[in-house]
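Here are some notes for a reader opening this structure for the first time.

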Amino acid sequence: MPNDEEELDRLDLTHQKLRILLGNKLLLCPAPNPKRILDIGTGTGIWAIEYGDDHPDTEILGTDLSPTQPSWVPPNVKFEVDDAEEPWTFQEKFDVVHARYLAAAIVDWPRLMRQAFEFTKPGGWAEFQDYDLLYYSEDGTLGDD
């Protein structure tokens, strides 16, 4: 995907649409009061920034291959350039590992899942939100071909 202004705007618009669809929720998992969250593939950082604004006692680390996030963010939000498909080297585990819109970006999903669970605290959550890339129709009118 390109990394231009149009793409960054598309990512932010997609975030807002999904937030509306989810009833203004940023997380669906029942994590009661997470203290540390990892946001994999943070993109523009909008999810991390909004969660940080809403939960000032939660430390959020957003990672992405591209440093496209703004420099002015809540004090509890930090961003790092990192490749989620490389070995993770975080010093502490997270209460929640969050990722969204990575279906077309990850080559080795089993490895990503192993690392996500390895770096999630006991009792914590790993939440992945994405699109179903297979076309289908609920009423069966869309055939297999």
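Which salt bridge do the side chains of arginine 36 and glutamate 59 meet in, and at what N to O distance?

1. The side chains of arginine 36 and glutamate 59 meet at 2.7 Å, N to O. A salt bridge here is a side-chain nitrogen of Lys or Arg within 4 Å of a carboxyl oxygen of Asp or Glu. This pair links distant parts of the chain, with arginine 36 in strand 1 and glutamate 59 in strand 2, 23 residues apart. Helices (H or I, at least four residues) and strands (E, at least two) are DSSP runs, numbered from the N terminus.

2. The model is predicted: local features need pLDDT of at least 70 and side-chain atom pairs count only at pLDDT 80 or more, while totals for chains, interfaces and linings use all residues. Residues are numbered from 1 along each chain as its sequence is written, and side-chain values use heavy atoms, with hydrogens and water left out.

3. Arginine 36 is buried, with a relative accessible area of 11%, and glutamate 59 is partly exposed, at 40%. Buried means under 20% relative accessible area, exposed over 50%, and partly exposed in between (1.4 Å probe, protein chains only).

4. The whole structure has 6 salt bridges. One of them joins arginine 19 and glutamate 50 at 2.4 Å, N to O. Arginine 19 is in helix 1 and glutamate 50 in helix 2, so the pair ties together parts 31 residues apart in sequence. Both residues are buried.

5. Glutamate 7 is buried, at 8% relative accessible area, whereas arginine 10 is partly exposed, at 38%.

6. Helix 2 (residues 46-54) has 7 of its 9 residues buried, so it is largely enclosed by the rest of the structure. Trp47, Ile49 and Glu50 are among the buried ones. Their cover includes helix 1 (5-21), strand 1, strand 2 (59-64), strand 3 (77-81) and strand 4.

7. The largest nonpolar core has 14 residues. Such a core is a set of buried Ala, Val, Leu, Ile, Met, Phe, Trp, Tyr and Cys residues joined through side-chain atoms within 4.5 Å. Strand 1 (36-40), strand 4 (94-100) and helix 3 (109-118) each give two or more residues to this core, and strand 4 gives the most, with 3. Apart from this core lies another, of 13 residues, including Ala31, Trp47, Ile60 and Val73.

Notes:
Contact means heavy atoms within 4.5 Å.
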